[in-house]
Structures are given as structure tokens and as C-alpha cells.
Amino acid sequence: MFHIIEKQIQRLVSGHLTARYGETMEVAIESPKQSSFGELALPVAFQLARTLKKAPRAIAQELAGDLGALPGVATIEIAGNGYLNLRLDRGAYGHALLAGGGAAASTGHKIIVEHTNINPNKAAHIGHLRNSVLGDTFVRMLRASGNTVEVQNYIDNTGVQVADVVVGFHYLERKSAAEVAALAAAPRFDYLCWDLYARVSQYFKEHPESEKWRAETLHAIEANQGAQAELAHVVADAVVLRHLATMRRLDIVYDVLPRESEILHLQFWATAFELLKQRGAIYLATEGKKAGCWVMAGSHFRENVTADEDDADDSKVIVRSNGIVTYVGKDIAYQLWKFGLLGKDFHYKPLLEEAPGHTVWVSTDEEQSAGAPHFGAGHTVYNVIDTRQSYLQDVVAAGLRALGYEEQAGRSIHFNYEMVALTPGTCVELGIELSEEDRKRAYVEVSGRKGLGVKADDLIDKLIEKALAEVEDRNPDKPAVARLLAATQIATGALRYFMLKFTRNTVIAFDLREALAFVGETGPYVQYAAVRAGKILSKFGERGETLPDFAAVLTQEAFERQLATEDLWQTVLLISKAESALEDALAKGEPAHFAKYAFQLAQGFSAFYDGYSVIHEQDPERRAFLLWVTLYFGRQLAWTLDILGIPAPAYM
RNA sequence: GGGGACGUAGCUCAGCUGGAUAGAGCGUCCGCCUCCUAAGCGGAAGGCCGGCAGUUCGAAUCUGCCCGUCCCUACCA
């Protein structure tokens with residue numbers, strides 16, 4: 001509701017400025033520093049001061065006089081050096097809230113969000129969790145504001161990481177595809193791969209000559225022939241299913257899994273390669289370290305480098321001298337497909353039903369796409385990828401530009417975020433051994449290669465265990481199944497909120513104690529507010545009472561009387577800002593901002609809960625009003641939690 | 001060497017395109033459950049916003065320089 005008023009005033013004031021001063025400008029609207037100053041603050045007088053060469057306060061005075069009555073606004077005051085502070089007409093505002101507002105309008109463009117993208121060669125860890133939670137929440141935010149969104153989870157099933165685990169099974173363990181398939185059928189095959197991957201990495205370090213196994217394996221995989229290729233399929237397919245299962249524990253699902261194997265087998269890369277060569281985006285290096293490689297010149301993706309300054313050292317290898325394309329090359333082909341620019345499409349087959357009525361599809365090279373939605377061909381593409389890969393993302397975007405797709409390159413957005421690292425303290429707590437130098441660092445990077453990290457499923461298990469103990473303690477009378485469900489929901493809420501509370505460019509120094517916290521600024525705190533609101537209403541029902549006819553009792557005059565109480569007005573105002581908070585967070589591209597709003601909303605309700613006894617209230621009008629606030633809060637918080645992907649438990 | 005991010009309370013972090021007395025959580029200390037679940041609420045202490053200069057009516061926010069931390073700069077991704 002608040003955002004509607006905000007926009008309306010913005011429009012009216014902006015129109016007035018154009019008419020009065022001939023100034024066209026975006027009218028900024030802020031919240032006053034103190035709530036006692038009103039609900040909206042306009043610093044326009046400051047903005048105008050420059051061009052009009054007048055004191056801000058004088059301009060503010062003029063504006064206050066000229067603007068006249070604004071709809072929904074009770075008073076306009078001049079404050080400070082020239083602020084215009086507006087107070088809303090509380091009665092009218094409350095009454096409008098009761099009547100309800102409109103839904104978000106659809107934009108019509110398809111937005112593609114690519115996230116998760118975990119190499120299918122080991123278990124998911126907390127770093128991957130940040131990616132998935134960030135991506136999934138952003139998707140929910142986009143959808144809640146009316147966008148059509150397609151969620152893609154790119155599977156690099158032919159890359160070096162999968163190859164390394166295949167090396168482990170084939171050369172070190174000497175296992176056949178059938179034997180590995182049997183292992184893969186057991187629970188948590190991804191954990192087994194986690195250890196093997198670390199072992200292989202260590203083996204390569206100690207026996208550099210054995211790295212030829214990796215090259216052989218990569219060749220076999222790319223050619224899709226031989227035992228290693230078969231093993232790669234077994235490993236990658238099984239681990240992908242494990243990743244999907246892990247993410248589903250956090251209510252994260254996908255629409256389609258485009259796989260690198262199809263990028264190769266369906267000649268996506270070959271097509272892109274031809275395009276890149278034809279348009280001179282890449283060239284064959286003939287001398288130096290990169291002789292024999294197809295490279296992209298540094299001037300394409302680096303600023304401040306002119307073509308004649310181009311240094312072979314700055315160039316990026318797209319195709320290795322042994323003929324194998326790099327990840328970046330394949331990603332350029334993939335990006336082209338995402339925008340519908342490649343002139344080719346995958347075939348698709350249903351992989352599994354992730355939720356009732358929701359099927360996740362996977363790319364395939366065999367024609368069997370019956371019933372598949374039309375994937376790809378997006379208008380805007382968000383790539384949720386950690387910030388360390390900025391360089392590679394720049395190369396990919398440069399690839400699009402070099403092919404003449406300037407607009408699409410601009411709408412290909414690297415939704416970057418910082419890594420999750422471990423504090424040395426947490427490593428000690430988890431029994432992870434650290435080197436001398438690592439121990440001195442503020443934090444150490446999670447590394448799959450070193451097997452250094454906290455596995456996602458382990459963390460979720462821990463959270464559920466802790467939540468269950470609390471739930472059992474508080475709800476001994478509830479059935480075990482229901483308690484487990486509540487504990488699982490609390491764990492999900494705690495984890496998702498934890499991953500979201502940091503802004504994207506903050507390195508999360510993962511602290512186990514903080515991640516396991518259920519008090520303070522946490523998911524469970526927010527969930528608890530929802531539980532309490534629900535409890536008020538269920539207790540009310542248990543007493544055999546029925547809700548009043550709000551429209552009849554809560555007239556505009558009644559709202560005016562009730563909202564004259566300052567803290568109640570602040571509570572209602574806060575509840576009405578959910579849509580506004582979403583818009584703000586989307587504009588900033590910062591899910592953390594929306595998570596923060598959820599927390600503030602819960603804080604507001606907790607104070608309300610403490611300060612007012614709803615069902616024991618004697619005055620009928622006040623009681624109806626308090627009930628309405630409770631209902632309104634419940635509705636807005638449910639909407640907010642849903643967008644954050646945080647479930648609302650029945651009790652806690 | 002080049003590119004980028006960061007430095008705000010004891011700790012972990014928010015602070016929007018400059019704006020009114022710099023915020024939150026944790027931790028510490030003090031209060032609050034015969035009353036809708038205390039995973040809660042109220043209060044207190046705690047800050048030269050890394051440093052210096054500049055831009056201006058006004059700077060945590062913008063610019064430059066310095067100090068410190070981190071990431072990237074692979075024929076890994």
C-alpha cells in the first residue's frame with residue numbers, strides 16, 4: 001500500500017515542479033529520520049536549490065504553500081533546512097488498507113536466472129548454499145513483482161572436476177562403471193566423491209606425471225567414448241540428483257538443467273566456434289606460450305587496453321592447444337542460447353517431479369522433448385556466480401559483444417556475490433586440520449579440491465537436530481512427525497536467513513555458532529512472530545468466537561481513532577511497507593534488504609504482541625482493530641516469508 | 001605490475017542516487033512470565049565511520065593520495 005501512495009505523491013510533486021519551475025527531475029522520497037516527523041520526507045528543495053539559486057528553506061516554504069492538498073496527505077511541514085515532511089491521513093490510510101490493493105502487473109518479458117551450477121563431482125558445501133539461496137530468493141522476488149522467470153541450473157558434467165573424480169575411480173580405484181553405479185545407488189554418494197576428489201587432487205600434486213590421466217579422461221568424455229566417458233555419466237548424473245535433493249530440503253527447485261554434454265554433442269560449441277572465428281572475435285595464436293590455442297584478445301574484455309597494446313599474456317584461451325574447448329568457450333555458446341541467438345535448441349526430457357506439479361527438465365541429445373516448455377530465449381539473463389569469476393564473466397560478455405550482440409551483452413547480468421569462507425575457529429571446532437599459515441588468517445577459503453569445507457547436508461542435519469531438541473522441549477504433546485516437520489522448517493528458515501542477511505559483496509566468514517543461532521536477527525525469530533500471530537487467531541477461535549465484520553466496525557473514523565495511538569500507527573505503517581520493501585530490494589539487487597525488512601516486520605509485531613493483549617481487549621472497536629492488525633500482519637508476513645523461501649511452522 | 005572489493009560499537013554486519021541526533025544483532029550489565037508460547041519484550045553502557053587532503057550550504061557516503069586486509073589476473077571453473 002505504502003508504495004502506491006509514494007508513487008502517487010512522486011508523480012504529483014514532479015508534475016508540480018515541471019509546471020511551476022520548468023524542472024523535470026526524479027522526486028526523491030525518503031523516510032524521515034525520526035518517525036515523529038511524519039511518514040514521508042521530500043528533500044526536493046535541496047535538489048532545486050542549485051538550479052534556482054535560492055535557499056532550500058525558502059523553496060520548501062514556497063512548495064508547501066503551492067502544493068495544496070495531496071491525496072491521502074494530512075499535513076505538509078517544513079523541517080530542518082528545507083525538508084518537506086508529509087504526514088499521512090491515518091484514517092484514510094487504514095481504511096484503504098482494509099479495502100486491499102491491487103496485484104503486481106506482469107512485465108511480459110522472460111527473465112532467466114541461472115544459479116546453483118555446482119560441479120557434479122562432490123557434495124554441495126556452504127559456498128554453494130549461498131549461491132542457491134541467493135539465486136532462489138532473487139527468483140522469488142522477481143516473480144512476486146510480476147515477472148516471468150525461468151530457473152536454470154547449468155551442469156558442467158564434462159569438465160575437469162568431474163574428470164578428476166573419474167580419474168579417481170578409474171585409475172586409482174580401478175572400478176568399472178557398473179561398480180560405481182552400485183556405489184551411486186547408496187545414500188550420499190556425493191560424500192564419497194567429496195573424499196575421492198580431495199584424494200585425487202592430492203595425488204596429482206604428489207605425482208604430477210599422472211596428470212596425463214586427466215587429459216585422457218577429458219578427451220574420452222568429450223568424445224563420449226570409453227570407460228571414462230561412461231564413468232563420467234554415472235558420477236555426474238548421480239551427483240546431480242544428490243544436489244537437487246539437498247537443495248529441495250531448502251525449497252529450492254529448478255525448471256531446467258542445461259548440461260555441458262549437450263553443448264558439445266549437439267554442436268552448440270561448434271556453431272559458436274564458427275561464429276567467433278568468422279567475426280574475428282578469436283584468433284589462432286601462432287607463437288609464445290599460447291601457440292596452438294584459439295584465444296580472445298585482452299582488448300575485448302579489459303578496459304584501458306587498446307588493440308595495439310594487446311599483449312599475448314592478456315589474452316584468454318578459448319580452445320586449448322590440444323583442441324579441447326575451455327569452460328569459457330562453452331559458456332559463450334550457452335549464453336548465446338539463453339538469448340535465443342544460437343539458432344539451435346536442446347532436446348529435453350523430464351528428470352523428476354521436484355514438487356507436486358513441478359517437473360524439472362534436463363537437456364538431452366535425443367529427440368524426446370514432448371511436453372517440454374520452451375526454454376531459453378530470454379530477454380534478460382541473471383548469472384548468479386561468485387565474484388571471483390568476474391574475469392571469466394567479462395570474457396563471456398565480451399564474446400557476445402564481439403559477435404555484435406551489444407544489447408544482449410548489456411542484459412546479461414553477472415549477479416555476483418562474495419565467497420563463504422571459514423574462520424579458523426570454526427575449522428578447529430569441526431576438526432578440520434589447517435596449515436600453519438592458514439591458522440593465522442582471518443578466514444580460509446572453502447575448497448572442494450582440498451576437501452576443506454562444511455557440507456550443506458551436514459549443516460542442515462545439525463540445524464534440524466538442534467531445532468528438534470527445542471521443539472520437543474516446548475511441545476511435548478505434539479506428534480513426533482509434526483515436530484520433525486516444524487524442526488525442519490525452522491532449520492530451513494535459519495539457514496536461508498543466515499545466507500541472506502549479508503549483502504552480496506560481503507565475504508561471509510562462516511561461524512558455526514552464528515549459523516546455528518535461533519535468537520536475534522535470525523530466520524527463527526521471524527518465524528516465531530508468524531507463529532505468535534497464528535496463535536492469537538487460533539486461541540480466539542478456540543474460545544468459540546468469530547471474527548467481527550471488519551468493514552462494518554472499522555470505518556474510516558474508527559481507523560482514525562485507533563491509529564491515533566502512535567505505536568499502533570507505526571506498526572500498521574510498517575506492515576504496509578512490504579511491497580515497498582520488495583521494490584526497493586529489487587531495485588538494489590539486494591535480497592539482504594528484503595530479509596532485513598522481514599526482520600523489522602517481525603520486530604514490530606513482537607513489540608505489538610507484547611504491548612497489546614488482543615483477545616482480552618474489552619473495548620469492541622479496539623478489539624476489532626487489534627484483530628485486524630494481527631490478521632493483516634499475518635498476511636503480509638506470510639507473503640514476505642514466502643518470497644524469502646522461509647516456511648512458516650504451525651508452532652515452535 | 002594491472003583490475004576489483006573491503007576497512008563503521010568488544011564481535012558480526014546494515015547504512016539507498018551526499019542530508020536532520022550514525023543503526024541492528026550478538027556479547028556485557030539491569031529489569032519483565034498467576035495475562036494470546038520468554039526462540040520474546042523494555043532499558044543501560046559501548047563510535048575521531050582506517051588516516052590525510054579536496055569538492056560544498058552539508059561527507060560514513062563523492063574525488064585524490066596514503067595505510068591495512070582480501071579476491072582476480074591458468075591451456076581449472
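Visitor: What makes H5 and H19 roughly perpendicular to each other?

Guide: In this predicted model, H5 and helix H19 (residues 480-500) pack at an angle of about 90°, with their axes 9 Å apart. Angles of 65 to 115 degrees count as roughly perpendicular, and therefore H5 and H19 are given that description.

Visitor: Which residues make the contact of H5 with H19?

Guide: From H5 come Ile126, Leu129, Arg130, Val133, Leu134, Asp136, Thr137 and Arg140, and from H19 come Leu495, Arg496, Met499 and Leu500. Sorted by class, the contact of H5 with H19 holds seven nonpolar residues, one polar and four charged.

Visitor: Why is H5 called oblique to H25?

Guide: The axes of H5 (residues 126-144) and helix H25 (residues 578-588) come within 10 Å and cross at roughly 125°. Roughly perpendicular covers 65 to 115 degrees and roughly antiparallel begins over 145, with the rest oblique, so H5 is oblique to H25. The crossing in which H5 passes H25 is left-handed.

Visitor: How do you know which class the residues between H5 and H25 belong to?

Guide: The residues in contact are Phe138, Met141, Leu142 and Ala144 of H5, with Leu582, Ala585 and Leu586 of H25. Ala, Leu, Met and Phe are among the residues that count as nonpolar. The contact of H5 with H25 therefore has seven nonpolar, no polar and no charged residues.

Visitor: Which residues of H4 and H24 meet?

Guide: Arg90, Tyr93 and Leu97 in H4 meet Glu566, Trp569, Val572 and Leu573 in H24. The contact of H4 with H24 divides into five nonpolar, no polar and two charged residues. Arg and Glu count as charged.

Visitor: Why are E1 and E2 said to stand at the edges of the sheet?

Guide: Three strands form an open sheet in the order E1-E3-E2, with antiparallel pairing. Strand E1 (40-42) and strand E2 (73-79) each have a single partner strand, so one side of each is left without a neighbour in the sheet. From one strand to the next, the twist averages 25°.

Visitor: How do you know that E2 and E3 pair?

Guide: Two strands pair if at least two bridges are found between them. E2 and strand E3 (residues 83-88) have six bridges, in the antiparallel sense, so they meet that cut-off. Glu77 stands opposite Asn85 in E3. Helix H1 (residues 2-21) packs on the sheet and touches E1, E2 and E3, and its direction makes about 25° with that of E1.

Visitor: How many bridges join E10 to E11?

Guide: Strand E10 (residues 347-355) is joined to strand E11 (residues 358-364) by seven bridges, and the two run antiparallel. At least two bridges are needed for a pair, so E10 and E11 count as paired. Pro350 has Trp361 in E11 as its bridge partner. E10 and E11 form a hairpin with two residues between them, and Gly357 in the turn has a positive phi of about 80°.

Visitor: Which domains does chain A have, and how far apart are the C-alpha centres of domain 1 and domain 2?

Guide: The domain assignment gives domain 1 (2-88), domain 2 (418-454) and domain 3 (499-505 + 516-644). Between the C-alpha centres of domain 1 and domain 2 there are 52 Å.

Methods. Residues are numbered from 1 along each chain as its sequence is written. Chains are lettered from A and ligands numbered from 1 in the order in which they are written. This is a predicted model: local features need pLDDT of at least 70, side-chain atom pairs count only at pLDDT 80 or more; totals for chains, interfaces and linings use all residues. Side-chain values use heavy atoms; hydrogens and water are left out. Axes are lines fitted to C-alpha atoms, for helices over the stretch in contact, and angles run from 0 to 180 degrees between N-to-C directions. Helices (H or I, at least four residues) and strands (E, at least two) are DSSP runs, numbered from the N terminus. Angles under 35 degrees count as roughly parallel, over 145 as roughly antiparallel, 65 to 115 as roughly perpendicular and the rest as oblique. A crossing is left-handed if the near helix is turned anticlockwise from the far one by less than a right angle, and right-handed if clockwise. Contact means heavy atoms within 4.5 Å. Domain bounds come from an automatic or database domain assignment.
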